[in-house]
Amino acid sequence: MGPQSTPDLSTEASPLSLSTVAVVGLGTMGTGIAEVLTRAGREVIGIDTDEAAARNAVTALEAATARAVQRERITERERQDILARFRTFTDLQAAADADLVIEVVPEDYELKRQVFAGLDAVVRPDTILATGTNALSVTRLAADSQRPERVLGVHFFNPAPAMKLVEVVSSVLTAPTAVAAVTELAHALGKDPIAVGDRAGFVADGLLFGYLNQAAAMYESKYATREDIDAAMRLGCGLPMGPLALLDLIGVDTARTVLEAMYADSQDRLHAPAPILGQLAEAGLTGRKAGRGFYTYDAPGDSTVVPDAESPADADELAGGRTVSSVGVAGSGTMASGIAEVFAKAGFKVVLAARSPEKAEKAKARIAKSLGRSVDKGRLSAEARDTALAAITPAGSLDAFADVDLAVEAVAEDLAVKQELFKTLDKVCKPGAVLATTTSSLPVVACARATSRPEDVIGMHFFNPAPAMKLVEVVRTVLTADDVHATVRAVCAKVRKHPVDCGDRAGFIVNALLFPYLNNAIKMVEEHYATLDDIDAAMKLGGGYPMGPFELLDVVGLDVSLAIEKVLHAEFRDPGLAPAPLLEHLVAAGCLGRKTGRGFREYARR
């Protein structure tokens, strides 16, 4: 076993060519890493003290390569070569001739230390030792090793064959040649490596787990249901999974371990594990692998969610609601015209009121343009476009709202402006009309108290662009009437939007979870821990996010982002929510993102 048994590789291999790799720990992650390595032509020594785990790893590789042959991605001969490159053992001695050892045993420091001590006794002096941890200290493992300069972290993401990101983690003790060799290997495996320093969570998990923790705390406080929290983040942010479903996939116990390590490192309360994580973990309700976590699954290890005591009952959305056939939309900007388009396409009569007839006509022209693009793309018929446009009546005054059943305000995010508008709506709108604000961060009850009928006021937070985004956050105040809530839920269904219920507090669901994550990304750059590009790449490749945090900040607008951060900080008084100074400095300098040509990045002027 070793270089002598593979002369075709060892004759060309320099000490750092990493042609033979040992993987210690053949669970899901270790098996996935072994598959990636064997497919890339590396000799892989799989080591696990559990013979069943070793057998399962071989079976998994056989099944994965068989699927690849079926899909004509590899030939049968290539499959046999891949399988021949994977050998399994139950003793660390098998790693004696490895160029690189990747340890992926459970996240327990003492267990990992024992593995490294065992490896120190058997591997060559030039062998690189890598830990797959995403939470424990690489530096501490290195310091306890006999060869600290050869120890680093290599963090693959699950499932390893599909996920492109690899975080290469160096401690202050790691030799640059070891980092270079592992980075080169990651490139050879078809991965996108980023170099990071040693701190709990690194980049991707450092940002992801804070967000997951806040979602768990939101659920625990009964602010929103698990289904609404998950739907809000999928539909509002384009994420592949909601945070609570993702916690179940990762493992509630694993998430708690990572967060404990992050909190010990940062002392940031946002990283202190939500108590619900400990309660579920102690009860053995660790997620999919146990058959129950935040959700209940058909069987342990199954991904099929089955109904349980918390599952929402099927209810008639129209029960107890008011009749809505005409809608008034106040505002002339992008959001107002988008909302008016949504209602008009759904068959409602729409009055679009702006501060002047000219502004209202301009907003309707914007809608006509948007509908025209839908016709050009085959998403809408010319007849449907004409019907929708005919349903929109532009007006230069809110007096035109006298007969509407639902008035939706979509003006500037300024509380004084909105309160004045609601005073006017109170005078103009008929009794029984529902009055809705589209605010994303201001208190809905403050708008309600500007009227003599606060029970008729509710929040309807559409997302931009309104015609495309499916989510609407339905925000009840403590004064909102039940039939008003039922009415808005029914209207959302009619306009083919997905409503989620939440209470009247800063950020509602989406912004309360999204903006602390964005703020923490800015802090990483401030601390020179990682670059903008590496952080954006980490979240897209490692977290499946459609945009990296800095891409998103520049699109949203840094001034808008800062305003939301300030509202969240003022509401919750958590030091971790204080806006990052770099964000405040950029806004003060007029660097607001794409709209000004410069934010975190520079953009070509239009």
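Tutor: The description below takes the sheet and then its helices. This is a predicted model, in which local features need pLDDT of at least 70 and side-chain atom pairs count only at pLDDT 80 or more, while totals for chains, interfaces and linings use all residues. Residues are numbered from 1 along each chain as its sequence is written, and side-chain values use heavy atoms, with hydrogens and water left out.

Eight strands, in the order β3-β2-β1-β4-β5-β6-β7-β8, make up an open sheet with mixed pairing. Strands here are DSSP runs of E with at least two residues, helices are runs of H or I with at least four, and both are numbered from the N terminus; two strands pair if DSSP finds at least two bridges between them. At the edges lie β3 (86-89) and β8 (192-197), each of which pairs on one side only. On average, neighbouring strands of this sheet are turned by 25° against each other, direction ignored.

Within the sheet, β5 (residues 128-131) and β6 (residues 151-156) pair in the parallel sense over three bridges. Ala 130 has Leu 152 in β6 as its bridge partner.

Helix α2 (residues 28-39) packs on the sheet and touches β1 (20-24), β2 (43-47), β3, β4 (100-103) and β6, where contact means heavy atoms within 4.5 Å. The direction of α2 makes about 170° with that of β1; axes are lines fitted to C-alpha atoms, for helices over the stretch in contact, and angles run from 0 to 180 degrees between N-to-C directions. Helix α5 (residues 109-120) also packs on the sheet, touching β1, β4, β5 and β6, and its direction makes about 170° with that of β5.
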